[in-house]
Amino acid sequence: GRMVPGGSGVDVTEYHPGTRESAEALGLRRSLGVAKDAFVALFVGRLQLDKGLVEFVEAARIIRRKRTRQDIVFMMVGAPDPGNKRSLPEAKLAQWKAEGDVVFTGRREDVPRLMAMANTVTTPTFYREGLPRTLLEAAATGLPLIGTDMPGVREAIIDGVNGILIPTHDSAALARAVEQLADDPEMCERYGNASLERAKNQFDHRQVVGEYLKMYEELWNR
């Protein structure tokens with residue numbers, strides 16, 4: 001069988017690459033209490049533990065303790081999924097909020113805007129899923145990506161080209177990857193541009209749909 005890259009794809013026109021300095025993005029940062037020149041590492045998704053939530057929070061803690069300037073912000077966008085046994089327990093979420101290493105936004109309807117004001121999207125998942133949609137959306141936003149070396153994630157991230165692959169269950173590696181990007185704007189730009197290229201060439205849903213149609217036609221005419 002032929003694998004169509006890009007899963008179901010994303011509509012690239014819904015995302016806003018290159019708008020981090022816009023009045024809207026800066027206003028969004030202000031409303032979330034984030035400094036305008038802070039490096040924002042975003043997690044977006046349902047808050048279930050096998051998406052690497054613990055690793056994300058631990059990486060934030062490592063960086064906060066290590067850097068004197070609080071110039072890197074970890075932000076988690078999403079809510080627990082109470083019906084789901086892998087969901088983050090409310091008590092744990094309350095504890096993390098109290099510790100203050102991560103900014104929690106809860107569920108948001110403006111994910112494309114949040115991505116546009118962020119500097120990277122991280123997917124520290126160890127849950128076996130297809131290509132995480134979040135990474136497609138982040139690529140369409142022109143962001144460098146960080147994710148675990150898992151089958152679905154590897155479709156979106158080419159290590160050293162448009163992002164950084166890290167081992168699963170490795171908070172220190174996640175912290176290192178975020179710091180590496182935060183301290184190297186040139187690398188961020190290079191990876192971000194490569195992400196955008198991939199989004200346009202491989203992940204744009206119009207193109208993905210075209211690939212499926214081509215495949216069906218071949219099957220039909222066999």
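This is a predicted model: local features need pLDDT of at least 70, side-chain atom pairs count only at pLDDT 80 or more; totals for chains, interfaces and linings use all residues.
1. The side chain of Asp183 meets that of Arg67 in a salt bridge, at 2.8 Å from N to O. Asp183 belongs to the loop between α7 and α8 and Arg67 to the loop between α2 and β2, so this pair ties together parts 116 residues apart in sequence. Arg67 counts as buried, at 15% relative accessibility.

2. Arg69 and Asp71 also form a salt bridge, with the closest N and O atoms 3.5 Å apart. Arg69 counts as exposed at 54% relative accessibility, whereas Asp71 counts as buried at 14%. Through shared partners, salt bridges join Asp37, Lys66, Arg67, Arg69, Asp71, Glu179 and Asp183 into one network.

3. The count of salt bridges comes to 18. Another of these pairs is Asp50 with Arg86, whose closest N and O atoms are 2.6 Å apart. Asp50 lies in the loop between β1 and α2, and Arg86 in the loop between β2 and α3, so the pair links parts that are 36 residues apart in sequence. Asp50 is buried, at 11%, while Arg86 is partly exposed, at 28%.

4. The axes of helix α5 (residues 133-140) and helix α8 (residues 185-203) come within 7 Å and cross at roughly 115°; the two helices are therefore roughly perpendicular. Leu136, Ala139 and Ala140 of α5 make the contact with Ser195, Leu196, Ala199 and Phe203 of α8. These residues comprise 6 nonpolar, 1 polar and no charged.

5. His169, a residue other than glycine, has a positive phi near 55°. His169 is placed in the loop between β6 (163-166) and α7 (171-182) and counts as exposed, at 52% relative accessibility.

Key: Residues are numbered from 1 along each chain as its sequence is written. Side-chain values use heavy atoms; hydrogens and water are left out. Axes are lines fitted to C-alpha atoms, for helices over the stretch in contact, and angles run from 0 to 180 degrees between N-to-C directions. Helices (H or I, at least four residues) and strands (E, at least two) are DSSP runs, numbered from the N terminus. Angles under 35 degrees count as roughly parallel, over 145 as roughly antiparallel, 65 to 115 as roughly perpendicular and the rest as oblique. Contact means heavy atoms within 4.5 Å. Ala, Val, Leu, Ile, Met, Phe, Trp, Tyr, Cys and Pro count as nonpolar, Asp, Glu, Lys and Arg as charged, and the others, Gly among them, as polar. Buried means under 20% relative accessible area, exposed over 50%, partly exposed in between (1.4 Å probe, protein chains only). A salt bridge is a side-chain nitrogen of Lys or Arg within 4 Å of a carboxyl oxygen of Asp or Glu.
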